[in-house]
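Welcome, and thanks for taking a look with us. Please have the viewer open as you read the notes that follow.

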Amino acid sequence: MTVSATTGSPAAAAPALVPYDDAVARYEPVIGLETHVELGTMTKMFCGCRTVFGAEPNSAVCPVCLGLPGSLPVTNRVAIEYTIRIGLALHCDISAWCRFARKNYFYPDMPKDYQISQYDEPLCTDGWLDIEVDGQPVRIGIERVHLEEDTGKSLHVGGATGRIHGADYSLVDYNRAGIPLVEVVTKPVPGTGALAPDVARAYVTELRELLRALGVSDVRMEEGSLRCDVNTSIAPAGADWGTRTETKNVNSLRSVERAVRFEIQRQAGVLDAGGRIIQETRHFQEAAGTTTAGRSKEEAQDYRYFPEPDLVPLAPSREWVEELRAALPELPADRRARLQADWGLSALDMTALANAGALDLVEQTVAAGTTPADARKWWLGELARRANESGTELAAVGVTPAQVARVAALVSAGTLNDKLARQVLDFVLAGEGEPDEIVAARGLAVVSDDGALTAAVDEAIAANPDIAAKIRDGKTAAAGALVGAVMKATRGQADAGRARELILERLG
């Protein structure tokens, strides 16, 4: 007889998902996040192998990271420094003395059959990170920031899921094995209610920005240098916390949010059907936005932790820690507050810039010589539209902040109007050169010469006698129709303001 892993009863169809609003009305979610960050060091954690993404498989390995007999690890000092910087930025306590431990377990991508990590003596503890969700501040407690080595990478060939079950065979690339990996573990986050998925996404977003500002990692989720395990549990309002599940290796901000949302709906369905939640790992399915069962974690696993015998303990001096604290760069929250004040933006405007990934671009465009208002206008308007249409990040749309600043300057000077500016951007994106070169080569400048404009105005008046009569009778609002005719005749290049003046002068 087959038994359901969800309910413990004979296998049946999975319980139906509960509508999200209904689920959070009756159950209180608690979330927790474990974020794994590959540090951007030049060499691995305990050896001199290079850390290069995309290198030929198994080309960046040596006896140490392969765990060959007789090889001994040596700690990467830069990795220690980077971890302390992360801990300081997260307001953590930095341990005056700690050590590495040996975590024993077997996976094919673990060449030593154990992982050097930190267990009961992490380098950084008890911190916090503030975020804002739906206009409300939320403080996320940080349990620990510890340092370990990454595993290799398995590729399961054949089968429908890309996982080992059903695969024809598996390949292992050990290039990633031994890369310095920091794990940032939050404390449980209760009390967020319906906003739990948004809180999870906002936290990982803010953490990613903080890590990028520190310069300790490229935090490219698509390349696996930032990965997130998402813990979710629900319980009836007022009850003790429920049993959590751990959705492993979620690799996009959107997926973090979707994983929490789905688990709340799924777990509510299980409880409503009289089942119980199994403490287990789960896998997020990007295409469907669902999670599927992994391995049970109901029984404590004995990793046989013990102090790593081949490494001396870590004892960062207080002087070194304070030097690192003093050298921290401006952190993202402080930077946003400064720019908001400098640019005179509302909190809503600043949130829109951050959510669109436009903050750096607008700051660089302002630095290139335009106003904050003009920079925001182009990046959040025309260029954001193009990025959405092409499915790319705004920063990858294909135009530089300096080029945007120049287009904005040409509009401010009256050389271009908005319609012509959009054409110039089209040609910049097509690779035809810089804005000034395109304006000159294609003759896209605004026509403000009275001689050329007068001829176009006279043609518009002659072609629209009824409208001209209304203007002569004092109905000057009708001049807009003639301005439109002039703009059409000049392919949008007429100075609309000067054209209106000429129309009223001719018909006055």
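## Overall make-up

How many helices and strands are there in the chain? The chain holds 17 helices and 14 strands. Please keep in mind that this is a predicted model.

The chain has 508 residues, and 44% of them count as buried. If you take the contacts between residues at least 6 apart in sequence, 68% join residues at least 24 apart. The accessible surface of the chain is about 24,500 Å², with 52% of that area belonging to carbon and sulfur atoms.

## A nonpolar patch on the surface

Now turn to the outside of the model. Leu155, Tyr169 and Leu171 form a nonpolar patch on the surface, and together they have about 310 Å² of accessible area.

Leu171 belongs to strand E8, which spans residues 169-173. Is Leu171 buried or partly exposed? Its relative accessibility is 43%, so Leu171 counts as partly exposed.

## Helix H8 and its cover

Helix H8 runs over residues 359-367, and its residues Leu359, Leu361, Val362 and Thr365 are buried. These four lie on the same side of H8, because they cover an arc of only 165° around the axis. As a reminder, an α-helix has 3.6 residues a turn, so residues three or four places apart point the same way.

What covers the buried residues of H8? The cover includes helix H6 (332-343) and helix H7 (347-355), along with helix H9 (372-380) and helix H11 (401-412). After H8 comes Gly369, which has a positive phi near 120°.

Notes: Residues numbered from 1 in each chain as written. Predicted model: local features only at pLDDT ≥ 70, side-chain atom pairs only at ≥ 80, totals over all residues. Heavy atoms only, no water. Helix = DSSP H or I, 4+ residues; strand = E, 2+ residues; numbered from the N terminus. Buried < 20%, exposed > 50% of the residue type's maximum accessible area, 1.4 Å probe, protein only. Contact = heavy atoms within 4.5 Å. Areas by Shrake-Rupley, 256 points an atom, 1.4 Å probe, with all protein chains shown as cover. Patch = residues over 30% accessible without salt bridge, like charges linked within 9 Å, V, L, I, M, F, W, Y side chains within 5 Å. Salt bridge = Lys/Arg side-chain N within 4 Å of Asp/Glu carboxyl O. Arc of directions from axis to C-beta.
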